[in-house]
Each structure stands twice: as structure tokens, then as C-alpha cells.
Amino acid sequence: MENEEEELIEETITDNDEDKELPEFDGEDISREVVVPGEVLTEDTKNFLPGRGTIFNKERNKIISLNIGLKQINKNYINVIPLKGFYTPRAGDKVIALVTDKNPVKYRCDINAKDEGVLKPRNTVKRGKTRGFRGGGSESADNSTDKYQIGDILIVKVLSADRLNQPELTTVGQYLGKRRDGIVISIDPPKIPRVIGRNGSMIKMLKNLTKSNIFVTQNGRIWLKGENIAYERLLIDAIKKIEREAHTVGLTDRITKYIDNEKKIRGIN
Amino acid sequence: MMNTKRVISTIEKNYILNNLRKEERIDGRGLWEYRDWTIKPDVISSAEGSADVTLGDTKIITGLKYDVGAPFPDLPEEGVCTFMAELLPLASPIFERGPPSEQSIELARVVDRGIRHADCVQTKKLCIKANKAVYILFVDLYVINYSGNLIDAGGISSLTTLISSHIPEGKWVDDQIEWTGKYLTGETIVNELPIVTTYGKINDIIFLDPNLPEELVSDGKISISVTEDKITSIQKSGLATFSLEEIDMLTKKSMEIGKKLRKELNLWQYKVKY
Amino acid sequence: MPLIIKDEYPEKLFREDGKRLDGREKHELRPIKMEVGVLKNADGSAYLEWGNNKIFAAVYGPRDVHPHYLAKPDKGILRVFYRMATFSVFERKRPAPGRREKEISMVLTDCLEPLLFLELYPGNSFEVFINVMNADGGTRCACATVAALALADAGVPMRSLVTAVAVGKIDGELVTDLSGIEDKAGEADLPCAITWFNEEFDGKMDLEEFEKCLTLAKNALTKIHEIQLNVLKNKYIAIQEEYSGGKN
């Protein structure tokens, strides 16, 4: 069965500029110290400022962690990389959406965030694909909600997301659109970067060793399709292991060994 | 798989169905296999009987409390055993707060029926004084985590609770109750061990012990309660229909599976000596 | 005509050897065990055993508010639902929520709300479900303690955790961590929660004893807080130690 867009090659999460600033789990400047909400990270407020996941206390003489996470120092900012958390949509994010409802003017989608996403028909059809005049063309082609059904899995991009409105989505773009086969699993959104790895090292390894197609997205959801169910089970187990051990070093090697080992134990080759 | 609330994706349903056709399930089981059971009896100090049972990730904690009261007028020499179930919101975002839902009532009633029609609880032994005082047993099931197949987990949880129970023994003396200081235990109260086995059906495929995704995509379910040699109750739910041949096949399977499970779990090991 | 054996209150709450009825010293805590992440369908969860108390807590959020009219446009809301199982107490409790449960739900909400940054989640709610399977004194303290863990496990940003314990007076002596019998038969009972020192007072005590109580509470709370921290961290540290030899 074919998926709506061309065959997948790469699956990396979109490049937001902000992303480049976010520390990754296997960065060298992560202290690997696990901290919890309310924990004092430093009392040296002369030299440090609160960064991500941290805050001054009332008297402004301490910096406190807001989350369970790993303590990280970046220049003079103290950050806490959360180990648990929920997904907050941002413009540019690629996510996996499940169509939960539709009416003639829009689709409603579960994107694993506190608000449902909205997909409007005009964002499901490429501009210019319709015959007709410049800037117009056949209006009816992109006005109806016949294209997708409740229960469909779509890879979408977040067009806009702010505090007041529901996030707006689109299926127009590379690698976006409906998936007709495969399966979707969920992991903690903060652990997603680990499944990709530095420069995609982890995900490349996973794809090669398990002969699978994998699409990893920001909202913690991962679409995958293997050659057979045995490979798929192994891949899912490997991803769950990455999720559990995301905060450790040497993970890529360890997962590689795990997969090789399990293949022998399970009799897959 | 994906943490959804109520809608399950089409590709997941297809995935489950296509693999079931090849007799494959995502957790590696065969079509007629149970997930792993763990059973812990007598876990609640304030209850006269209790059990913490997990089937796969489904977890139910059950407790038994007793009261003494007047019997039903049409059964003057028999005690009463009544079941209640609550699907706690902690068990799943699908479960809402509030009065018992259809699903929780179904759970309580199916478990009740399976046990009642098997003559499992010896209600005649729960009589202190005919027409005046009998034991009333309240068996309350709390679903702590929902991962499919609450009924079978509920059944085993209830049986374990009853078997591990220890209820103060009362005698009727001089027109009132005197407590002897001894206890009625599971050995006295429980006679038979009915096992309830639940099957899911998707299209034309039937399989034992649906896990969560399987249950959410099933067209229907059927639960069959069996003792060593008899069928004691059948309950079907959902839109799916079952042909006579299918029911015949399933009742035979249930006897087999029931025998095997009874042996494997060996629930009598959980009786207490008080 | 229900006739059941009553749990009788013992006359003395101290034994011949000076220890309490369950063998503890005056300021000894009961055994406490905690776990996080035990319920996979919830956004965050925790389980606690404290003496005979057995309590589950689960958090859902941020999510839509039901019923909708309770939603606030400028900030999120926190709702705590405390329920006890029918068999959690000696006399079977009726299944439907009672006044005491509603009151404790409110007390717990007041205790937990200051920890959260609700202004970041307008129109949404955080719901904490606490179910007591077995109760034996100090239940509301145990609930505050386990609810804080569940919120942390859900990844909700928090100003700090909450830790709670009850101190009180039995047979004229000040003790820490009252068990069920001590709670019922003793003279005074003071559950304390730290941070944001919420106090709720129950009973008779003079000012000097009250201050002593607070000091006792602080000692006990520090110990319990240690357990909370360890439970949250160990999940990750154990894995780190298993796999890395390097400095953490």
C-alpha cells in the first residue's frame, strides 16, 4: 500500500532555529545530575542566570529547578533538560495527527497537546495544483473535507500555535500527508531528540538494523513500518529502551548491541 | 500504542487485524493465550479479604467487607454476596468521575453471574440464625489500571478475595449474636472455582484476552464462565455476532482454558489459616 | 439491624516498655515506600505505602476543563479528587463520595495549588485523582505527599514538592506520625505540610507544646522529603549506574 507522499527517505524533525540552541541529551556540557522540582541548583546568583526549566526563588538568592531533569550549564545560564513533560505545539513542528472529528469546514485532530489541532481544507491541497487562473482556480477542490476520514493518521506541520487559539495544521509539504499503513507508537516528547541522535546517528542505525521505515515527530509520536512483525516488535522494544535510558551516555552503542543481541535471541536475521 | 483517548486510528485497526489473520499479536502471544498474571492475596489490612491482581497491565484491587443483617424474605436461610465495581479515573482517561457507568455495571454483573450460577459462594453457610441474621458480603472491585479485559481480571480478583477471606464467626445465643473469636475462611465459604474467559472479535477473527488496543478496535466481546464440567454463564457485548458453530467452539475452548488456568494459578494456595 | 464488631479503642496507647502500640519510639516514622510512574494511562502517577496506608495518585493535564463553565480565561485550574475505597476503613464506607472526602479534596487543592504555575495554562485544567485503598491514620498527609510526586512525574513545572506528616499528643506525650488508633484515641492531632506551611489543627494543645510540635514536624518532614527525592531520582540514577562508569 502506498502512502500519500513519495517514499520516505529521511525523517528528521524540522530545523527550527530555536532548536539549534536547545541542548541535546548527549551533549558534553550536560552534568548528568538528576534534579527535581524545588531543588536548589546554585546560590551563586552573581554569576548565573536561570535558563530553561529554572527560576529564581522569591528572595532571588537561589536558582531552583522546575522539573525533573538533567542539570546543564550553558555559558552563564543554568538549564534543566526535562526528562518528563508534555508537548507544546510551535509553528514549524512536524507532528503525527489523528483525525478525531470533522465537519464540512474543518478537521479536528489529536496532536497529543492540551488543545486539539485544526486542519482546514485549503491546507490539504497544494496551491497551484488546481487548474484555473492565477491566485484562484477551482475553489471547490479545496473547500470540502472529503479527503480524510475520522481515524486517519496524518503527518502534519504546525502552521501556527499561540495561547489563545487552537494550533493550525497543514498536510501540504514534503513527507506530509496521510499514512495508509504501518503503526504509530508514543514516547515522552522530551526523549524524541534521543531517538534521532546527534546528526541522526541513532535513527539511521535503527533503520538499518531493523530494516524499517521510521518517521519521528515532535509530539512524541513515531510512525514505523518494518519488513515483518518480528522486526517491528524489536524496533518498538528498542525505542522503549531508548526512552528509559535517554539520560545516559553511550546510548547509541548500547542500543546497537541490544538489537544485535535480540536478533540472535529471537531468531531474526 | 499511541496514547489516544477514544478514537483509535484506522491503520492501527488494520495492523491488528492483518496480524491476527497470521495469528500474530503485537505482544507476541498466540490467539488463545493469556497475558501474564500476578496475584497478591490479603493486601488490605482493613478488609476481611482482598486481592491485588494484574493481567498484563490491567490491574484490579478487590476487597471484601461484611455486615450482618436480615436475610431476603424469599431466602430466609441464606446469606448474601453482592458485587460492585468502580472504573477509577486513574485507570484511564476514558473513565470519567461520577456514578457507575455502563461498563462498570457490566463488569460487576458479569463477575457476579459467573460466580452465582456456579454455586461458588456457599450462601447457606453464611446464615447465623434463619430469618433473623445472615452475613452480607460486599465484594468491591476497583480498577486501578485499564489495559483491556477487565472481566477476566475481575473474576480472578474476586475469587482470590473470597478464598483469602477471614470473617469473624458469630453464633446466635440468647436472641443475639455472640462472636466466637474464630473465623470463617475461604475454605468454608467457597465451593467451586468458576473461571470466566473473555474473547474479542474483529471481523471474523476471535481471540482470547484482548489487550487495550485490541479491545478498542474489537467489534464485540463474549465472556464465558465455566466450572470444571459446566458452563455457568455467557455474556456477549458489542455489535459483533457469533454463529452457533463459533459459540460451540468457544465453549469447548473455555473448558480447556479454564482447566488450564485453574491449575496454573492454583488459587487455593491463597486460603488463610486464622 | 446491622450488628458488627466495633473496633474498640485501647485504654493505653503506650506499652509497658514505653514504646507505642506498634512498637515504635515516640518520634519514629512508620515504614514508607513510594513509587512513581506506576499507572501508564495517566500523564503522571505515584503510589505510596505508609504504615498500612496504601494510596494511588494520578494526574491528567493540562487538558480541557469539563464541565466547561469551570474554565478560567486567565489561568488554569487545579482539581483534586480524593476518594476512599469502601474497604479502606474498618467500617465499610459507602461507595458514593461523602462530605469528608469533599472537604479533604479541598484541603489538598489548597495545599497543591500554590506549587503550580497555573497562569501558564489558561482555559485548561490539571486533575489529580487520589484513591485510598487502605487507610490507617495520617491519610491526608500521605495524600499530599504522594500527589506532589504524581505532579512531578507528569512533568508539570512546580515551585517545589510538598511533604506532609501528622504530629500530635497521645496519653500526654508528643509523638510523630500518628497511626489510625493513635489518631482516634489520642488527644490532639496536627497534620503539617511543608512548603507553604499549611496547618490544620485538631484538638487541644497549649502554645509551648504547639511549638514543640512544629519542630518535631520539621524533623520528620526532612526525612520524608528525602524519600520523595530519592524515589524521583533513583529511577534515573539506577539506570545511569547500570550503564555508565563515568562521573555523573
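## Chain C against chain B

Two residues are taken to be in contact if their C-beta atoms, placed from the backbone, lie within 7 Å. On that criterion, 28 residues of chain C are in contact with 32 residues of chain B. Two strands of chain C, β3 (53-64) and β5 (124-134), each supply at least two residues of the side of chain C that touches chain B, and the largest share, four residues, comes from β5(C). Helices (H or I, at least four residues) and strands (E, at least two) are DSSP runs, numbered from the N terminus.

By class, this side of chain C divides into 19 nonpolar, six polar and three charged residues. Here Ala, Val, Leu, Ile, Met, Phe, Trp, Tyr, Cys and Pro count as nonpolar, Asp, Glu, Lys and Arg as charged, and the others, Gly among them, as polar.

## Basis of the model

This is a predicted model, in which local features need pLDDT of at least 70 and side-chain atom pairs count only at pLDDT 80 or more, while totals for chains, interfaces and linings use all residues. Residues are numbered from 1 along each chain as its sequence is written, and chains are lettered from A and ligands numbered from 1 in the order in which they are written.

## Chain A against chain B

In the contact between chains A and B, 18 residues of chain A meet 14 residues of chain B. The elements β8 (94-103), β14 (183-186) and α4 (229-244) of chain A each supply at least two residues of the side that touches chain B, with the largest share, four residues, coming from β14(A). This side of chain A has seven nonpolar, four polar and seven charged residues.

## Helix packing in chain A

Helix α3 (residues 201-210) and helix α5 (residues 251-266) of chain A pack at an angle of about 10 degrees, with their axes 10 Å apart; the axes are lines fitted to C-alpha atoms over the stretch in contact, and angles run from 0 to 180 degrees between N-to-C directions. That angle makes α3(A) roughly parallel to α5(A), a term used for angles under 35 degrees.

From α3(A), A:S201, A:M202, A:M205, A:L209 and A:T210 meet A:T252, A:I255, A:T256 and A:I259 in α5(A). The residues of this contact divide into five nonpolar, four polar and no charged.

## Confidence

The model scores ipTM 0.93 and pTM 0.89. The mean pLDDT (the predictor's confidence in each residue, from 0 to 100) of chain C is 84, and 88% of its residues reach 70 or more. Over residues 1-5 of chain C pLDDT stays under 50, and the model has 11 contacts beyond four places in sequence for them. Residues 196-204 of chain C also have pLDDT below 50, with 18 contacts beyond near neighbours in sequence. Where pLDDT is low, the predicted coordinates should not be read in detail.

Note on methods. Parallel < 35°, antiparallel > 145°, perpendicular 65-115°, else oblique.
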